[in-house]
Amino acid sequence: MQTTKEHTRRLLQDTAREAFLRKGFKAVSMREISKLSGVGLSNIYNYYPCKDDLLAIVLRPVLEAMTNMLENHNCDNNLSLEIFTSEEYHRQSMQEVMGVITRYRKEFRLLFLDTRDTRFEDFWERWIDKSTITGIEYLERMKELYPGLDTNVSPFFIHFISSWWISMVREIVLHEELSSEDIECFIGEYIHFSTGGWKRLMKVDHQSGL
């Protein structure tokens, strides 16, 4: 039976993913991927001209999940004062974050520890910049809906909060001894703490009478 190009492409992707997540990106060579997959080394380069291209495939799901979380933060459903008090909102937020972290824990570890000298070396800096812009846009939209809110928050503070969120993810990912219960508790505490801080900073009580 003739091997199709799509089959070979999928085989290389699966082989690279298993090898990168098990040994680390730097520790795996294209020659090893060739040996593990059974695809000739010269043929691999017809599909993926460099190892970075395979890394991009491996990281694509977690990068898409990160983008979705960021976009969800600024969606219409979250433009409400209820986000400061609703336990249902807090529970859904906790489940969303926990789901992404636990599902892609190994991919996150790769991103944090093993992307130096790759195209993803500055990924977290770029994500923080994007998150900062999203946060500023969110405050502007909330101000339109609730003119009484104090949204005069410095861009650098929003930058700091975005960086702090990444630190939260990093701590969970790198502390492998944490159980699912530990992670759930920690994320819940983080969400309640940060939400309470934003509520105080934006003077939500003055706006809503809560």
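Which residues do ring pairs link into a cluster? The cluster consists of Phe108, Phe112, Phe123 and Trp124. The model is a predicted one, in which local features need pLDDT of at least 70 and side-chain atom pairs count only at pLDDT 80 or more, whereas totals for chains, interfaces and linings use all residues. Residues are numbered from 1 along each chain as its sequence is written, and side-chain values use heavy atoms, with hydrogens and water left out.

Ten aromatic pairs are present in the structure. A pair of aromatic rings is described by the distance of the centres and the angle of the planes. Rings of Phe, Tyr and Trp (for Trp, the six-membered ring) are paired if their centres lie within 6.5 Å, and planes under 30 degrees apart count as stacked, over 60 as edge-to-face and the rest as tilted. For Phe112 and Trp124, the ring centres are 4.5 Å apart and the planes stand at 10°, so this pair is stacked. The pair links distant parts of the chain, with Phe112 in helix α6 (residues 105-113) and Trp124 in helix α7 (residues 123-145), twelve residues apart. Helices are DSSP runs of H or I with at least four residues, numbered from the N terminus. Phe112 is buried at 12% relative accessibility, and Trp124 is buried with a relative accessible area of 10%; buried means under 20% relative accessible area, exposed over 50%, and partly exposed in between, for a 1.4 Å probe and protein chains only.

Helix α5 (residues 87-103) packs with helix α9 (residues 180-201) at an angle of about 130°, their axes being 9 Å apart. Axes are lines fitted to C-alpha atoms, for helices over the stretch in contact, and angles run from 0 to 180 degrees between N-to-C directions. The helices α5 and α9 are therefore oblique to each other; angles under 35 degrees count as roughly parallel, over 145 as roughly antiparallel, 65 to 115 as roughly perpendicular, and the rest as oblique. The crossing of α5 past α9 is right-handed, a crossing being left-handed if the near helix is turned anticlockwise from the far one by less than a right angle, and right-handed if clockwise. Residues of the contact include His90, Met94 and Ile101 of α5 and Ser180, Ile187 and Thr195 of α9, where contact means heavy atoms within 4.5 Å. By class, the residues of this contact comprise seven nonpolar, seven polar and two charged. Ala, Val, Leu, Ile, Met, Phe, Trp, Tyr, Cys and Pro count as nonpolar, Asp, Glu, Lys and Arg as charged, and the others, Gly among them, as polar.

The crossing of α4 past α5 is left-handed. Here Ala65, Met69 and Asn72 of α4 meet Glu96, Val97 and Val100 of α5, giving four nonpolar, one polar and one charged residues. Asn72 and Ser180 are 108 residues apart in sequence and 24 Å apart in space, C-alpha to C-alpha.

Two further residues were examined. Phe157 lies in helix α8 (residues 155-174) and is partly exposed, with a relative accessible area of 31%. Neighbours within four places in sequence aside, Phe157 is in contact with Trp198 and Leu201. Ser34, in helix α2 (residues 30-37), counts as buried at 12% relative accessibility.

Technical notes: Helix = DSSP H or I, 4+ residues; strand = E, 2+ residues; numbered from the N terminus.
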